[in-house]
Amino acid sequence: MNPVRHRNLFLGTSLAALALMACSSSNNDRMDVPTAQDAGTDTGAPPTDMGTPPTDNGTPPADNGTPPTDNGTPPTDTVAPADVPTVMCPTNAPEQMHMGDIRADETWDCTRTHVLMGDGVFVLGGTLRITPGTLVKGGSDRAVLLVATGGRLDAQGTAAQPIVFTSNRAVGMRRAGQWGGVILLGNARINSTNTLADGGMSGPAGQNIIEGIPPTDNRARYGGTDDNHNCGTLRYARIEFPGYELSTNNEINGLTIGGCGRQTTIDHVEVLASADDGIEIFGGAVDVKHAVIFNAEDDGLDWDFGWTGRGQFIAIHSPTTSTE
């Protein structure tokens, strides 16, 4: 496969339901659950019809002119509606290679299998939209999908059709550490100084270069003063077999979140078999809800640099071989 630069493309819903995703196959096969049978007794007789219709006195319901009260508080759960239509995705979608920078709005859908080549894709501007049922593969051990502070991710799968990020190896040959991972970066506050993890200088205090990326790559700079910054949405997504070590204690995790603010949505996410942490959060105020982290070789959930967000409904299963 000869990759081309990206600008010249060749090309509910409960935690239990999410946990089922951990047992589903790595190639995004659906798990069909049979409908429970009605346990009630059936005597064979039709229901009794008394022949009397309901009373209608012709009086409409009273309207006092007062609209319902809205206190401005959104619902506490962000579960996707049950009536989201199922997308017809081909069984063996042709591959489309991606490498380099995205600077304008772009959509990846399930009519293609999207392969990250080289160092992967850096979303520097615009919004990258990924639709339900889409499969994204890491084509090299260091390939990442990185959404920089000037870009945004809109990746919203469904319970029936999650978005899957996985290794480019064949099913059955996939192992932890076969590609980089997903990185979201924002302008919320971090309590970092200007010293990088590996001793290099990253610039002004309150900013940093995200770990796992070379310290000279300013595309990976994050941190600022906007605690409401929106890095985007990652919902109903599975991240499999990621994790890349740039240097000692300087690795890419399954899902890395740096300086993302309160308007960012991380909900119903699974990280499976990461060679480093499952999810690591570097500062910011982002909330994480409904997360399953399965067999991460380092920490399940880790945070640094003064994360002030919240975590709710998080399940972590550590491998028996882990020393963490």
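How many helices and strands are there in the chain? The chain has one helix and 20 strands, where helices (H or I, at least four residues) and strands (E, at least two) are DSSP runs numbered from the N terminus.

**Before selecting anything**

This is a predicted model, in which local features need pLDDT of at least 70 and side-chain atom pairs count only at pLDDT 80 or more, while totals for chains, interfaces and linings use all residues. Residues are numbered from 1 along each chain as its sequence is written, and side-chain values use heavy atoms, with hydrogens and water left out.

**First stop: the whole chain**

Colour the chain by pLDDT, the predictor's confidence in each residue, from 0 to 100. The mean pLDDT is 79, and 68% of the residues reach 70 or more. Now select residues 1-56, where pLDDT stays under 50. For this stretch the model has 70 contacts beyond four places in sequence, a contact being heavy atoms within 4.5 Å. Residues 59-83 also have a pLDDT below 50, with eleven contacts beyond near neighbours in sequence.

Next, display the surface. The chain exposes about 16700 Å², of which carbon and sulfur atoms supply 50%; such areas come from the Shrake-Rupley method with a 1.4 Å probe, and for residues only the protein chains shown count as cover. Of the 324 residues, 45% are buried. Buried means under 20% relative accessible area, exposed over 50%, and partly exposed in between (1.4 Å probe, protein chains only).

**Second stop: strand β8**

Select residues 163-167, which form strand β8; five of its five residues are buried. Which strands pair with it, given that pairing requires DSSP to find at least two bridges between two strands? Strand β5 (residues 135-138) runs parallel to β8 and is joined to it by four bridges. Strand β12 (residues 232-240) is also parallel to β8, with three bridges between them. Centre the view on F165 in β8: V136 stands opposite F165, and I239 is the bridge partner of F165 in β12.

Move to G138, which lies in strand β5. Is G138 buried or exposed? G138 counts as buried because its relative accessibility is 2%. Beyond its neighbours within four places in sequence, G138 contacts several residues, including L116, T166 and W179.

Then select Q161, in the loop between β7 (151-156) and β8. With 9% relative accessibility, Q161 is buried as well. Among its contacts outside four places in sequence are C89 and P132.

Show the cysteine side chains. There are two disulfides, each defined as a pair of cysteine sulfur atoms within 2.5 Å. One joins C89 to C110, S to S 2.2 Å. The torsion about this S-S bond is about -90 degrees, so the disulfide is left-handed. C89 is partly exposed at 26%, whereas C110 is buried at 6%.

Finally, select C231 and C260, joined by a disulfide with S to S 2.2 Å. This pair links distant parts of the chain, 29 residues apart: C231 is in the loop between β11 (221-222) and β12, and C260 in the loop between β15 (255-258) and β16 (265-272). Both C231 and C260 are buried.

Key. Two strands pair if DSSP finds at least two bridges between them.
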